[in-house]
Amino acid sequence: MVEFPPLAVLRDRRLQTFGVLLWVFSFLVLPQLCVAALLGLLCTRFWLCAVLYMAWWCLDRDTPWQGGRRVEAIRHCILWKYMRDYFPTVLVKTAELDPSRNYVAGFHPHGIMVAGAFLNLCTESTGFSALFPGIRPHLMMLPLPFRVPFLRDYFMSFGLVTSDKESGAHVLSRKEGGSLLAIVVGGAQEALDARPGAYTLLLRHRKGFVRLALEHGAALVPIFSFGENELYDQVKNPPGSWLRRIQNRLQQVMGISLPLFHGRGVFQYSFGFVPYRRPITTVVGKPIEVQKTLHPSKEEVDQLHQRYLKELCNLFETHKLKYNVPTDQHLEFC
């Protein structure tokens, strides 16, 4: 006789899948729907609502570059806790963060859709505020979504800000401290190498976040998210292949990468855009003290960058065995 799981378990699993679908939907479908919704309103008797929104949008256009507009109710929404349990996702603290200081955090790796960064830094599902009281995280994101009506407001509510230097400078200018500016350093290009078992980070020549930390005297915090690259499979696209050349070209033109990825479906497990149920453990490392230097030299940037790479490697090596990474596996930088 076949035994079925209790109804409560089935309900929770469906809610977990729904939470993940909402997150995937936000990236793949919501931008187009938001544009269609605005255009649709203009063609109905509710056209005035669309006009008023566009007027508000014009007045509010600089907000994503000025710290955004967080909405705690959305960050605390119970759906994100179900999404957390889908993988599941855990946030690990290794050191205290002084709320009187500001921080620049490097988040690695990018993965396909930065699930770990979203859950840990854009929601309270893993208890960020409880682990790091007095710290307000802001995750940087490409500017394009902030130019889409309605979507910009939705993304800002999570604490997302644009990935421009002026946006980062605004967050780090908070004199009372307590700001954590999180940057997925590998960016969209690193997503092209995101696949199970991959530990290659696009970091060797990316030093802008280090310069930003020096200019504002913000401590550097390495963050590594174990399991981030395990969520999706990706079509093989080695450097030099025709597919990779097309993807690189599109990334240069559009500013976003287009990895050909797949996971599982909602009702079947062979193919779809739903990520696999694989654990994510995001480890926040010890802050690296930074001396404020308004005009850092190339040597100062390079020296701090090398120290950051060393600390990130130490963080990875210290914790990798706990999260089923082989002993002989090490980080690779390109």
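Contact here means heavy atoms within 4.5 Å. What you have above is a predicted model, in which local features need pLDDT of at least 70, side-chain atom pairs count only at pLDDT 80 or more, and totals for chains, interfaces and linings use all residues. Residues are numbered from 1 along each chain as its sequence is written, and side-chain values use heavy atoms, with hydrogens and water left out.

**Helix α2**

Let's start with α2, which covers residues 30-42. Helices (H or I, at least four residues) and strands (E, at least two) are DSSP runs, numbered from the N terminus. With 13 residues, α2 reaches 19 Å from its first C-alpha to its last, close to the 18 Å expected at 1.5 Å a residue; the expected span is 1.5 Å times one less than the number of residues.

Which residues of α2 are buried? They are Leu30, Pro31, Cys34 and Leu38, where buried means under 20% relative accessible area, exposed over 50%, and partly exposed in between (1.4 Å probe, protein chains only). Down the axis of α2, these buried residues fall within an arc of 110°, so they line one face of the helix. The arc is taken from the directions from the helix axis to the C-beta atoms. An α-helix has 3.6 residues a turn, so residues three or four places apart point the same way. The partners of that buried set are α1 (7-28), α3 (47-59) and α8 (151-156).

**Pockets and a cavity**

On a 1 Å grid over the protein atoms alone, a cavity is a set of points where a 1.4 Å probe fits but cannot get out, while a pocket is an open set with protein on both sides within 12 Å along at least five of seven lines; lining residues have an atom within 4 Å of a point. Grid points are joined across faces, edges and corners, and a volume is the space filled by probe spheres set on the points. For residue classes, Ala, Val, Leu, Ile, Met, Phe, Trp, Tyr, Cys and Pro count as nonpolar, Asp, Glu, Lys and Arg as charged, and the others, Gly among them, as polar.

| Space | Volume | Lining by class |
|---|---|---|
| Largest pocket | about 1400 Å³ | 36 nonpolar, 11 polar, three charged |
| Second largest pocket | about 210 Å³ | five nonpolar, three polar, two charged |
| Largest cavity | about 40 Å³ | five nonpolar, three polar, two charged |

The largest pocket has a volume of about 1400 Å³. Of the 50 residues that line it, His110, Met141, Leu142, Ala188 and Ile256 are the closest to its centre. Several elements each supply at least two lining residues, including α1, α2 and α8, and α1 gives the largest share, with four.

Residues lining the second largest pocket include Tyr199, Phe226, Gly227 and Glu230. Those four names also turn up among the residues lining the largest cavity.

Thr89 lies in strand β1 (residues 89-93) and is buried, with a relative accessible area of 5%. Neighbours within four places in sequence aside, Thr89 is in contact with Arg84, Leu119, Asn120, Thr126 and Ile280.

Leu203 sits in the loop between β6 (200-201) and α11. Buried or exposed? At 0% relative accessibility, Leu203 counts as buried. Not counting residues up to four places away in sequence, Leu203 touches several others, among them His108, Val185, Phe209 and Cys334.

Arg61, in the loop between α3 and α4 (72-75), counts as partly exposed at 47% relative accessibility.
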